[in-house]
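Have a go at each task before you read its solution.

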Amino acid sequence: LKYGDIVVLSTRRLNASGVLGADSSGSFDLVDVTENETIKLQPKQVAFSTVHAFKGMEATAVIVCDIESVNTDEARSIVYVAMSRAKSHLVVLANNKLRDTIVELRNRKLI
């Protein structure tokens, strides 16, 4: 994968996301495309967007983060939208308890 193939999707804006500062190693730059998804990424740049802003688009690889709940229909819908943006690679970052619920719902095709 190239850096430009990857999109990080969150339920939060970048300044409130758990991935804020993830690019501090210097190996890549996280670029917020929430307001402008047509930004042309440079080499070593990874796109970041809110799930809502990325609805209807897709990327080769999607990393989903900041999932707080899957207890309501709306929360499950947001997780579904985020997960369905991936063409071939999907990573979901969630705490263990929530992860197990997401896997169970996914297996039952509820998200």
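**Exercise 1.** Find which residues of the largest nonpolar core touch the most other members.

*Solution.* Step 1: a nonpolar core is a set of buried Ala, Val, Leu, Ile, Met, Phe, Trp, Tyr and Cys residues joined through side-chain atoms within 4.5 Å; buried means under 20% relative accessible area, exposed over 50%, and partly exposed in between (1.4 Å probe, protein chains only).
Step 1: the largest core has 22 residues, and Leu9, Ile67, Val70 and Ile102 touch the most other members.
Step 2: at least two core residues come from each of strand 1, helix 1 (51-54), strand 4, helix 2 (73-83) and helix 3, where helices (H or I, at least four residues) and strands (E, at least two) are DSSP runs numbered from the N terminus.
Step 3: helix 2 gives the largest share, five residues. Another core, of ten residues, lies apart from this one and includes Val8 and Phe48.

Before going on, note that this is a predicted model, in which local features need pLDDT of at least 70 and side-chain atom pairs count only at pLDDT 80 or more, while totals for chains, interfaces and linings use all residues. Residues are numbered from 1 along each chain as its sequence is written, and side-chain values use heavy atoms, with hydrogens and water left out.

**Exercise 2.** Work out the strand order of the sheet and identify its edges.

*Solution.* Step 1: two strands pair if DSSP finds at least two bridges between them.
Step 1: the open sheet has five strands in the order 2-3-1-4-5, with parallel pairing.
Step 2: strand 2 (29-32) and strand 5 (86-92) each have a single partner strand, so one side of each lacks a neighbour in the sheet.
Step 3: strand 1 (residues 6-10) pairs with strand 4 (residues 59-65) over five bridges, and Ile6 has Ala61 as its bridge partner.

**Exercise 3.** Is Ser10 buried or exposed, and which side chain does it join through a polar contact?

*Solution.* Step 1: Ser10 lies in strand 1 and is buried, because its relative accessibility is 0%.
Step 1: a polar contact is a pair of N or O atoms within 3.5 Å; within protein, one must be able to donate a hydrogen and the other to accept it, and residues adjacent in sequence count only if both atoms are side-chain atoms.
Step 2: the side chains of Ser10 and Asp66 make such a contact at 2.5 Å.

**Exercise 4.** Place Leu90 in the fold and describe its accessibility.

*Solution.* Step 1: Leu90 belongs to strand 5.
Step 1: Leu90 is partly exposed, because its relative accessibility is 39%.
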